[in-house]
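Morning, everyone. Let me put the structure up, and then we'll go through it.

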Amino acid sequence: MNSPGPTVPAPDFGPVDRGRGWVVTLFVTAIAAITRFTMLHYPTDAKTPVFDEKHYAPQGWQVLTGGGIEDNPGYGLVVHPPVGKQLIALGEALFGYNGWGWRFSAAVAGTLLVLLVVRIVRRLTRSTLLGGLAGILLIADGVTFVSSRLGMLDIFLALFAVAAFGCLIVDRDEMRERMARVHAEGRIADTVWGPRLGVRWWRFGAGVLLGLAVGTKWSGLYLIAFFGLMSVAFDVAARRAYDVQRPWLGTGLRDVGPALYALVVVPLGVYLATFWAWFAGETGVYRHAVGRQIGTDGAFAFVPDALRSLWYYSASVLEFHSGLTNSAGNLHPWESKPWTWPMGLRPMLYYFADGEQIRGCGGEQCVKAVMLVGTPAMWWLALPMLAWGGWQLLVRRDWRWAAVLTGYAATLLPWFATLDRQMYYFYAVPLAPFLVMGLALVLGDVLGSPRASAERRSTGLLVVCLYVGLVVANFVWLWPILTAAPITVETWQQQLWLPSWR
């Protein structure tokens, strides 16, 4: 008579090849650093910032030289929270007001993003090989590559989003380990709700990082909603897996309250703390709105004036963003809508120069360009990847796909709620790491299970290597229009694969 199968999951709480894992991680991260930092100061617009760097590089300099506050008197309003500008200011403090200065922090963020994706995919798949391959894919992604070499905000938002996601994946493993310990000790049925899971520092860390994400761009608010639901869903799944009698009720009583604290209250506190210089200063935008723009009495008179002033300031920013609509006549030649982002159908031209002063291409006429474009060998597979992931989630109940698709949805779906708003492809920068994670999971399925035959694994490995090689070759082909290398007009036209790229 065969013995019954296990009633609880196997004790698998993370990868165990720690030494090899860190060797691979650091090696891939070093490659990322080389690509992100090489000629970081180039190009500039006559030694001034290019594209939207013209907003953030001066604001970062004001943060550095003006007591931590960016007031940007050349514009009507400072329209994003301060964290991204504060990070840009760190680079300017090291290197001055030049290309190296206003891009240094972005390059650091882009390099760390590769490190995080390696570690997260390694943990999701329990495979250092797949983690390393995911890092290579992200290195070869044109969107994160270009964003890592410009002094703009989106790469910082992507970094905080992925770091928070990674914290919640580690938290999931640790909580299941705690549940397994309680189950092994025979204490799982002490109450119908299951055990308390104690202090969860990784989830607290995710809350801090989500606060920094919102402190970079308000779109970080969407991450709080999606990641909060994901974390609670992990708790329900853990209680069900370890035979808690009332897993849903147990999650409601044991986990939802701490989750709200860690993933709502903590981010709110961190977000307010990012305005420390605004609170401490006297010259910040609308710092003393109470008594000027708004009255000193009313239903909210009990709220401290500083918080009321920040609320007024935030309402002004929201009004500004709400007014950037197509119906109001706000149009841009490189605008795009979110349905084009998964496949990168409408990239963004950041920099273009031609004329007699451009030399070095070997032809009569040369051009230089920096275009934010996703590497087609990856981005054009987004829809098949999503279809495969949806099937794995719905049919096989694969939690890894549930997590990755949650991250993907959090960075894409909310934009469909405001389609009249002026939008650009660089809003999709936080989407790129989750695309890479999904592709890495697909590669894991192509590679095959460790229990598969040697022939099956060898064939899978060959296909995986050929695909990764194709991605790298595609990235190398795009290199000139990602880095403003001088090219002939004919080569420039050859780089524009789709009519929508023009």
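This is a predicted model: local features need pLDDT of at least 70, side-chain atom pairs count only at pLDDT 80 or more; totals for chains, interfaces and linings use all residues.

Residues are numbered from 1 along each chain as its sequence is written, and side-chain values use heavy atoms, with hydrogens and water left out.

Helices first. α1, residues 18–37, packs against α5, residues 128–139, at about 5°, with the axes 10 Å apart. So α1 is roughly parallel to α5 (angles under 35 degrees count as that). Who makes the contact, meaning heavy atoms within 4.5 Å? On α1, the list includes V24, V28 and I31; on α5, G132, G135 and I136 are among them.

Now the rings. How many aromatic pairs are there? The count is 35, taking Phe, Tyr and Trp (its six-membered ring) with centres within 6.5 Å. One of them is Y424 with F426: 5.3 Å centre to centre, 10° between the planes, hence stacked (planes under 30 degrees apart). Buried or exposed? Y424 is buried at 11% relative accessible area, and F426 is buried at 4% (buried means under 20%, with a 1.4 Å probe, protein chains only).

Last, charges over rings (CZ of Arg within 6 Å of the ring centre and within 35 degrees of the ring normal). R172 has its charged end over W399, 3.5 Å from the ring centre. R287 does this over W278, at 5.3 Å.

Methods. Axes are lines fitted to C-alpha atoms, for helices over the stretch in contact, and angles run from 0 to 180 degrees between N-to-C directions. Helices (H or I, at least four residues) and strands (E, at least two) are DSSP runs, numbered from the N terminus. Angles under 35 degrees count as roughly parallel, over 145 as roughly antiparallel, 65 to 115 as roughly perpendicular and the rest as oblique. Contact means heavy atoms within 4.5 Å. Rings of Phe, Tyr and Trp (its six-membered ring) pair if their centres lie within 6.5 Å; planes under 30 degrees apart count as stacked, over 60 as edge-to-face and the rest as tilted. Buried means under 20% relative accessible area, exposed over 50%, partly exposed in between (1.4 Å probe, protein chains only).
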